[in-house]
Amino acid sequence: MKISDMSLDRISLDNKDLLTRILFSGIEDDGENGDVIFVFGSVSANKYRVPHAVELYKSGRSAKILMSGGALEVPEAISMKNRAIELGVLEQDIIVETLSKNTIDNVLKSREVLDEYFGLNHIKRILIVTTFYHIRRCYLTLKTYLPEHIEYSLCPAQDKSTRPTNWWESQQGTQRVMKEVEGLIYYTKNGKIQDFEV
């Protein structure tokens, strides 16, 4: 079944296994190196996403990090860049996109930045960093709006309450998962992101 074939009335906590499969199944880091680490912004990106991106950078997976996000008075990407520098990333290895307000915007605005910095035709692989529950939507959005030749490594950052093994144990985890699955259904039904098999 494709995600776009699902209806919101099927989405309930009674379908815990289905919800887990939609968001977390097949989301494993393949260990490949890439041209750039793409970090999606959020108000809490400095807690989990940025440290994970820095780990990838320090382990030699990519020499460049793109911080994307502009939703706050001080853009998320600037705060994320500053945190990465504190954690040991060289400033010249960080690219920023400071205008985006949501996930699709992250990709569209970052596409322009990546094209200017690398040339999209020269990018072979992007390492995607965001929290685990958000990574499928980021991946599908990138696949929808970036050139087909680009490949992706999924590098989810683990937060405490929204993991494949515990999301239903807290109100925060449950709300995040429900909202994310509802978003995937909405975006695929409306053709905003690529559909996928569940």
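## Packing of H1 against H6

In this predicted model, H1 and H6 stand roughly perpendicular to each other. The angle behind that description is a crossing of roughly 65° between the axes of helix H1, which covers residues 16-24, and helix H6, which covers residues 171-189, and these axes come within 10 Å. The crossing in which H1 passes H6 is left-handed.

On the H1 side, the residues that meet H6 are Leu19, Ile22, Leu23 and Phe24, and their partners in H6 are Val177, Met178, Glu180, Val181 and Leu184. Sorted by class, the residues of this contact between H1 and H6 comprise eight nonpolar and one charged, with no polar residues.

## Packing of H4 against H5

For helix H5, residues 135-145, the packing partner described here is H4, and the two axes lie 9 Å apart at an angle of about 40°. Because of that angle, H4 is oblique to H5. The crossing of these two helices, H4 and H5, is right-handed.

From H4, the residues Thr103, Ile104, Val107, Leu108 and Arg111 take part in the contact, where they meet Arg137, Cys138, Thr141, Leu142 and Tyr145 of H5. By class, the contact of H4 with H5 is made up of six nonpolar residues, together with two polar and two charged ones.

## The largest pocket

The largest pocket has a computed volume of about 520 Å³, and its lining consists of 27 residues. Those that lie nearest the centre of the pocket are Ser42, Arg49, Tyr133, His134 and Arg137. Among these central residues is Arg137, which also belongs to the H5 side of the contact with H4.

Which elements give two or more residues to the lining of the largest pocket? They are helix H4, residues 103-117, and H6, and of the elements it is H6 that gives the most, with six residues. Taken by class, the lining of the largest pocket holds 13 polar and nine charged residues, alongside five nonpolar ones.

Conventions: Residues numbered from 1 in each chain as written. Predicted model: local features only at pLDDT ≥ 70, side-chain atom pairs only at ≥ 80, totals over all residues. Heavy atoms only, no water. Axes fitted to C-alpha atoms, helices over the stretch in contact; angles between N-to-C directions. Helix = DSSP H or I, 4+ residues; strand = E, 2+ residues; numbered from the N terminus. Parallel < 35°, antiparallel > 145°, perpendicular 65-115°, else oblique. Left-handed = near helix turned anticlockwise from the far one by under 90°. Contact = heavy atoms within 4.5 Å. Nonpolar A, V, L, I, M, F, W, Y, C, P; charged D, E, K, R; others polar. 1 Å grid on protein atoms, 1.4 Å probe; cavity = no way out; pocket = protein on both sides within 12 Å on 5 of 7 lines; lining within 4 Å. Points joined across faces, edges and corners; volume = space filled by probe spheres on them.
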